[in-house]
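Notebook open, structure loaded. I'll jot things down as I look them up, starting with charged pairs and then moving to the ligand.

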Amino acid sequence: MDFALTEDQRILLDSFEKFGRKELEPLADEYDRTKALRDPAVVKGLLKKLYPFGAVSGPIPEEYGGLGLDYVTTGLIAEKLAGIFGSLGGVCLIQTVCGRLITESPNQECKKSILPAICSGDSIGCLCVTEPNVGSFAAAIETALKKVDDGYLLNGTKTWISNGSISDKAIVIATTDRSLGAKGLTAALVDRDRSPYKTRELEKMGMKAFPTSELIFEDTKVQDNHLLAEPGQGLKTTLRTFELARSLMAVGSVGMSRAALALAVRYAQERKQFGKEIGSFQLIQAMISDMRTRTDAAALLTYRAFWMMDQGQRCDAQSAMAKYYATEAGVETASECVQILGGYGLSEEYPAERYFRDARMQTIPDGTTQIQKLIVGRDTLGLSAFV
Ligand SMILES: Cc1cc2nc3c(=O)[nH]c(=O)nc-3n(C[C@H](O)[C@H](O)[C@H](O)COP(=O)(O)OP(=O)(O)OC[C@H]3O[C@@H](n4cnc5c(N)ncnc54)[C@H](O)[C@@H]3O)c2cc1C
């Protein structure tokens with residue numbers, strides 16, 4: 001087992017750290033308030049700068065416009081980005097996941113015509129599974145895809161869609177036959193230029209700069225050659241992508257935890273009460289110890305999942321463990337950071353309250369903590385709690 005970074009990884013991370021602290025960190029609190037990432041031009045400008053670091057399409061093969069990075073390196077960059085600007089990390093996560101889904105699809109035409117612009121960030125993607133009546137139980141999807149002479153028509157509403165309002169392309173999981181349940185699902189790619197769809201922004205507690213939207217499809221045209229999965233394989237295709245999505249969510253929480261820990265440590269070393277640094281009190285040290293240990297445990301679980309992907313192994317259970325442990329650890333760690341900063345932890349003068357609000361978002365998307373636990377339970381017991 002080798003926990004050391006390679007020389008290439010170290011150089012990449014160092015240059016990304018310098019870039020991120022200078023160019024991104026000053027935007028994080030401001031954009032949280034102004035919601036500037038709701039402007040696609042602003043997002044595309046940032047994606048262009050992030051692309052060379054592998055933050056937008058790191059693991060996508062170079063032939064499609066990605067960087068062809070390994071998953072561990074992709075995770076290292078995603079961790080650092082989330083620690084600097086969580087919302088922007090979210091935008092990049094979706095972009096990477098859309099890129100991977102198209103890469104893995106059997107649709108050669110979309111790989112050639114659409115993937116390069118997703119990889120470069122010139123085109124923004126979103127992945128639409130959730131609906132007003134359909135959350136954890138994706139097999140019950142109601143959005144319908146109907147064959148017509150020259151393509152398909154899409155009808156339905158998707159909700160909580162990351163990057164939805166700023167998207168140029170929407171990958172929509174839809175049913176061609178509801179009576180077939182999961183076996184009736186497919187993945188359709190909607191090109192917003194040719195087939196406009198309406199969106200509505202949803203306001204939320206954390207990751208406020210990260211657009212999250214409702215998407216409405218009303219007889220929206222899908223081109224004949226824009227299906228990304230064979231009929232019946234839509235859920236399977238998406239679930240395979242979830243390995244990466246969950247690992248990226250987990251590593252995002254590791255980044256947020258590290259940022260919260262670093263802030264708490266700095267503050268505890270400087271702030272004096274009772275005539276001494278608060279960091280010298282044993283109860284503060286216990287919190288710092290817990291924060292650090294939890295963050296390291298989360299990182300180890302998460303990088304194992306990335307490593308398994310690099311070995312070409314499936315890691316459904318391992319990415320589920322990483323997702324639920326790291327995201328829950330992120331919430332506890334960010335909460336303890338707030339506690340250590342006392343009143344200042346709740347003030348907008350410090351980023352602690354944003355770390356907490358952002359970390360709290362992470363336990364829900366891409367499968368809640370409870371769903372991840374059921375995946376691990378099923379893998380361990382050979383018995384499924386799902387229908
Ligand atoms: C910030 C954010 C970004 C998101 N981005 C996207 C996106 O880009 N694309 C997309 O498609 N969706 C996205 N989502 C939606 C997200 O994936 C869903 O919110 C999530 O899957 C849970 O669905 P739900 O909210 O409908 O909750 P529900 O499924 O209704 O669950 C409600 C509660 O019941 C629990 N529960 C459900 N089933 C079980 C069970 N069998 N056993 C035990 N407990 C159970 C859940 O854990 C939860 O606590 C996003 C959500 C958020 C908050």
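**Entry 1: Lys44.** I looked up how open Lys44 is and got 23% relative accessibility. Buried means under 20% and exposed means over 50%, so Lys44 goes down as partly exposed. This is a predicted model, by the way. Next I checked the partner: the Lys44 side chain meets that of Asp168 in a salt bridge, 3.0 Å from N to O. The two come from distant parts of the chain, 124 residues apart. Lys44 sits in helix 2 (residues 40-50), while Asp168 is in the loop between strand 3 and strand 4 (169-175).

**Entry 2: Glu17 and Lys80.** I moved on to another salt bridge, Glu17 with Lys80, where the closest N and O atoms are 2.5 Å apart. This one also links distant parts of the chain: Glu17 belongs to helix 1 (residues 7-34) and Lys80 to helix 3 (residues 71-84), with 63 residues separating them. Both ends are partly exposed, Glu17 at 24% relative accessibility and Lys80 at 25%.

**Entry 3: Arg21 and Glu25.** I then found Glu25 in a salt bridge with Arg21, closest N and O atoms 2.9 Å apart. Here both partners lie in helix 1, four residues apart, which is about one turn of the helix. Glu25 comes out partly exposed at 35%, and Arg21 is partly exposed too, at 34%.

**Entry 4: joining them up.** The overall count is 27 salt bridges.

**Entry 5: ligand contacts.** I counted 19 residues around the ligand, the closest being Val129, Thr130, Ser136, Trp160 and Thr368. A backbone N or O atom of Leu127 lies 2.8 Å from a ligand nitrogen, and a polar backbone atom of Trp160 is 2.8 Å from a nitrogen atom of the ligand. On its own the ligand has 970 Å² of accessible area, and the protein covers 65% of that.

**Entry 6: what makes up the shell.** Strand 1 (125-128), strand 3 (151-162) and helix 11 (369-381) are the elements that each give two or more residues to the shell. By type, I have eleven nonpolar residues, six polar and two charged. Where does the ligand lie relative to domain 2 and domain 3? Domain 2 (125-232) and domain 3 (235-381) both contribute shell residues, so I wrote down that the ligand lies between them.

Conventions. Residues numbered from 1 in each chain as written. Predicted model: local features only at pLDDT ≥ 70, side-chain atom pairs only at ≥ 80, totals over all residues. Heavy atoms only, no water. Near = heavy atom within 4 Å. Polar contact = N/O pair within 3.5 Å; in protein donor to acceptor, adjacent residues only side chain to side chain. Areas by Shrake-Rupley, 256 points an atom, 1.4 Å probe, with all protein chains shown as cover. Nonpolar A, V, L, I, M, F, W, Y, C, P; charged D, E, K, R; others polar. Domains from an automatic or database assignment. Salt bridge = Lys/Arg side-chain N within 4 Å of Asp/Glu carboxyl O. Buried < 20%, exposed > 50% of the residue type's maximum accessible area, 1.4 Å probe, protein only.
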